[in-house]
Structures are given as C-alpha cells and as structure tokens.
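Here is a short briefing on one protein chain. Look through the sequence and the model first, then read the notes below.

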Amino acid sequence: MHIFTDGFTSVSLSNGNLRVRLAQNGPDNTPVEVATLIVPAVMAPGFVSGLANALNELENQIKAKQKESNLS
C-alpha cells in the first residue's frame, strides 16, 4: 500500500503504540487526514532513528549529485 502525505496532524501514545496521523494538503491548504501510522512504542526509537539516518543519507546523495553537476 502507498500513502502520500504532506505531513502529520498529531502524534500520540496509546496502548503501547505510537500513532502518527498522516495528512495531505486539502482545499485552502487545510490538512485532511488520510491514514494513521502505528508503530509499537518499544520499536519507535529505532524506527525514528533509522528513518532519520536514511533521510540524512539521501540528503548526502543529493548534495553529491548536485556537486557533480556543478563540476560538469
């Protein structure tokens, strides 16, 4: 399943689960909730850390490609 999101509307902890309500920009840029990402609370630190590391690596790859393009 694929879910497009522009951001999130809330984050909460309930029954041992981290819940992130994902949203898309609707009319007049008002958020429209489209899904809830649920991660077991005990897994949340590793999940968030892994996601942050992946995004940092992606940023480094983009910067390297931009640097290559500027040298050409």
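Predicted model: local features only at pLDDT ≥ 70, side-chain atom pairs only at ≥ 80, totals over all residues.

Two strands count as paired if DSSP finds at least two bridges between them. Helices (H or I, at least four residues) and strands (E, at least two) are DSSP runs, numbered from the N terminus.

Residues are numbered from 1 along each chain as its sequence is written, and side-chain values use heavy atoms, with hydrogens and water left out.

**Overall layout**

- The chain has 1 helix and 3 strands.
- Along the sequence, the pattern reads β-β-β-α.
- The C-alpha atoms fill a box of roughly 55 × 35 × 20 Å, taken along the principal axes.
- The chain has a radius of gyration of 16 Å, while a compact globule of 72 residues would have one near 11 Å. This radius is taken over C-alpha atoms, and the globule rule is 2.2 Å times the number of residues to the power 0.38.
- Of the 72 residues in the chain, 11% are buried. Buried means under 20% relative accessible area, exposed means over 50%, and partly exposed lies in between (1.4 Å probe, protein chains only).
- Take the contacts between residues at least 6 apart in sequence: 14% of them join residues at least 24 apart. A contact means heavy atoms within 4.5 Å.

**The sheet**

- The 3 strands form an open sheet in the order β1-β2-β3, with antiparallel pairing.
- Why does one side of β1 and of β3 lack a neighbour in the sheet? β1 (7-14) and β3 (31-40) stand at the edges, and each has a single partner strand, so one side stays without a neighbour.
- From one strand to the next, the twist averages 20°. Axes are lines fitted to C-alpha atoms, for helices over the stretch in contact, and angles run from 0 to 180 degrees between N-to-C directions.
- β1 and β2 (residues 17-25) run antiparallel and are joined by 7 bridges.
- β2 and β3 also pair in the antiparallel sense, over 9 bridges.
- R21 in β2 stands opposite S10. R21 also has a bridge partner in β3, namely T36.
- A23 has E33 as its bridge partner in β3.
- In a regular strand the side chains alternate between the two faces of the sheet.

**The two hairpins**

- The hairpin of β1 and β2 has 2 residues between the strands. N15 lies in this loop.
- N15 is not a glycine, yet it has a positive phi of about 50°.
- Is N15 buried or exposed? N15 is exposed, with a relative accessible area of 72%.
- The hairpin of β2 and β3 has 5 residues between the strands. D28 lies in this loop.
- D28 is a residue other than glycine, and its phi is positive, near 55°.
- D28 counts as exposed because its relative accessibility is 75%.

**The nonpolar core**

- Which residues make up the largest nonpolar core? The 5 residues are L18, V20, L22, V39 and A44.
- A nonpolar core is a set of buried Ala, Val, Leu, Ile, Met, Phe, Trp, Tyr and Cys residues joined through side-chain atoms within 4.5 Å.
- β2 gives the most to this core, with 3 residues.
- A44 touches L18 and V39, not counting residues up to four places away in sequence.

- V42 lies in the loop between β3 and α1 (44-71).
- V42 counts as exposed because its relative accessibility is 73%.
- V42 and L18 are 24 residues apart along the chain, and their C-alpha atoms are separated by 9.0 Å.
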